[in-house]
Amino acid sequence: MFLCMFADGVLEASLDVLDNSHEALTNPVEDAIKRDDPVYICRIVSAMINSNDDCGVVLGRWNGDYSGGVRPLDWTGSEEILRTWRLTGYEPVPYGQCWVYAAVACTVLRCLGIPARCVTNYLSAHDGDKNLTYDRYYREGELELLKDQQRDSIWSFHVWVEAWMAREDLPQDYNGWQVVDPTPQERSEGVYLCGPAPVLAVKRGEISLPYETAFVFAEVNADVVNWVRMADGSLHRANCFTNYIGKSISSKSVTSDEREDITHLYKFPEGSHEEREAYARAGMALRREESHQKMPELAVRLRISRSAFVGSSLDVHTVVRNKGHQRMVLELTSVARAVTYTGQCGVECCKHSCEMVVEPGEVSRETMRMKYEDYAGHLTDLNLIRVTSLLKEKEFGELFLEERHITMEIPKLEVMIIGEPIVGREIKAEMSFTNPLPVTVTRGKFHLEGEGLSEMQIHPSSPTDIESGEAATATATFTPSLSGIRFLFVKFECNRIKDVQKKSRVIVQSN
Ligand SMILES: [Ca+2]
Ligand SMILES: [Ca+2]
Ligand SMILES: [Ca+2]
């Protein structure tokens, strides 16, 4: 999403965010005095970007029904959200999810003069019961998560904001980047807000430092403990992962559009002594013993053969290495399910059960093939599939569970700009989409938009039914109104695939 901190009306909306907070409305004098404190401003912004507890900017929704509002994935910038909120007299704008909240918070913080950036954490834990472990409970057989038992959850990714400041309330070490999270997840002092939590304190496991540092620590570094409810009703602890949560923590590079990996700012390398020390410091010293895997002589990996495109078949290989000295006979069950990015389970797409025999020192592999027909129609907004494999050792009944989240990639869109981009002069964009699916898609449609390039969204005419392997093309005409570096967004959607999109940079000369 574009952060539009220099757009008309955004500064006014950002000041309105402060003026409409609970603090400003109930105690304006104290609020005015505290406005030179970045910690205070960040807490206000974190609370006010979500509409929970107040008249905050964005109304969240995660259930897939976005009627009466904008689907969270369809927002392209924060300007329209802030402007709408202001024009409607501070009515929460429907609908947002974490990346929308973060983009709006980042815009508002920058607008108010606090350096900020959006950060994405992959495999982000939500530690509901605050014990710093992500405990997952599965039912044997279907490998379904037991919702009534589950107090924790895991999001495929979660987006928050970092703000840069001096922490005058803390020792000097903790100046610098602080996590500020506007997505309503847990209440702090009775209100949905989170942060600022010093990133360095998260790394060191110093979770008692303010604010919500323990919550952020668990998001990036909780251990995972797997539990399995067996067919006879008994509950068994399976293996534990110390390196599963918190992957590829990323922000946008300052100098380019590339991803910058900042995982090292949040934790010591997984597998290092320092990482375990930080975890122990975070209050888990007593549990360190439990972190050891129950079946250390077994190493299990889930691999996919090639990149997974929506429309293609997908082979998932369960690769088992026997590191011990005894032959192992294992019962394998693998299940693939469609999931939302917040980890909510959808339909079972595919299941495979068999027996595996692995000789000492050997590697054995079993493949589950998921066809397009198995998952078509079940995919949620972000095309995520979760594959879970459970191995049960036949002789002693020991359990080992492995899981992998697979993003089914979206096909590419080709966009070409024709003509010299000059303010006030008409140019063309040619776009094409090739259908990679084994079936014909229908209701195909292109959309274009771009601030300074076209005042309105354009819907060029194009063939709506596209056969397998065929390309649909369209041409749109528009007249740039602003010079400088501009971005053209082209989107394609059809009955089977949504969110095929491409962002093209257009350098517009003044006339
Ligand atoms: Ca709020
Ligand atoms: Ca927990
Ligand atoms: Ca870890």
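1. Which are the buried residues of α8? In this predicted model, they are T213, A214, F215, V216, F217, A218, E219, V220 and N221. Helix α8 spans residues 213–221 and is mostly covered, with nine of its nine residues buried. The list of buried positions in α8 includes E219 and N221 as well as F215 and F217.

2. On overall architecture, the protein contains 11 helices and 27 strands. Its radius of gyration is 25 Å, close to the 24 Å that the globule rule gives for 511 residues, so the protein is as compact as a globular protein of that length. Along the principal axes, the C-alpha atoms fill a box of roughly 75 × 65 × 40 Å.

3. Of the contacts between residues at least 6 apart in sequence, 67% join residues at least 24 apart.

4. UniProt, in an unreviewed entry, places the feature "domain: Transglutaminase-like" at residues 90–184. In the model, this stretch is 15% helix and 42% strand. The C-alpha atoms at the ends of residues 90–184 are 18 Å apart.

5. The domain assignment divides the protein into domain 1 (295–409) and domain 2 (413–508). The centres of domain 1 and domain 2, taken over C-alpha atoms, are separated by 38 Å. Contact between the two involves five residues of domain 1 and five residues of domain 2. On the side of domain 1 that touches domain 2, four residues are nonpolar, one is polar and none is charged.

Key:
Residues are numbered from 1 along each chain as its sequence is written. Chains are lettered from A and ligands numbered from 1 in the order in which they are written. This is a predicted model: local features need pLDDT of at least 70, side-chain atom pairs count only at pLDDT 80 or more; totals for chains, interfaces and linings use all residues. A residue is buried if 20 or more other C-beta atoms lie within 10 Å of its own, exposed if 12 or fewer, and partly exposed in between; C-beta atoms are placed from the backbone. Helices (H or I, at least four residues) and strands (E, at least two) are DSSP runs, numbered from the N terminus. The radius of gyration is taken over C-alpha atoms; the globule rule is 2.2 Å times the number of residues to the power 0.38. Two residues are in contact if their C-beta atoms, placed from the backbone, lie within 7 Å. UniProt positions are given in the numbering used here, feature names are shortened, and annotations may be inferred rather than shown by experiment. Domain bounds come from an automatic or database domain assignment. Ala, Val, Leu, Ile, Met, Phe, Trp, Tyr, Cys and Pro count as nonpolar, Asp, Glu, Lys and Arg as charged, and the others, Gly among them, as polar.
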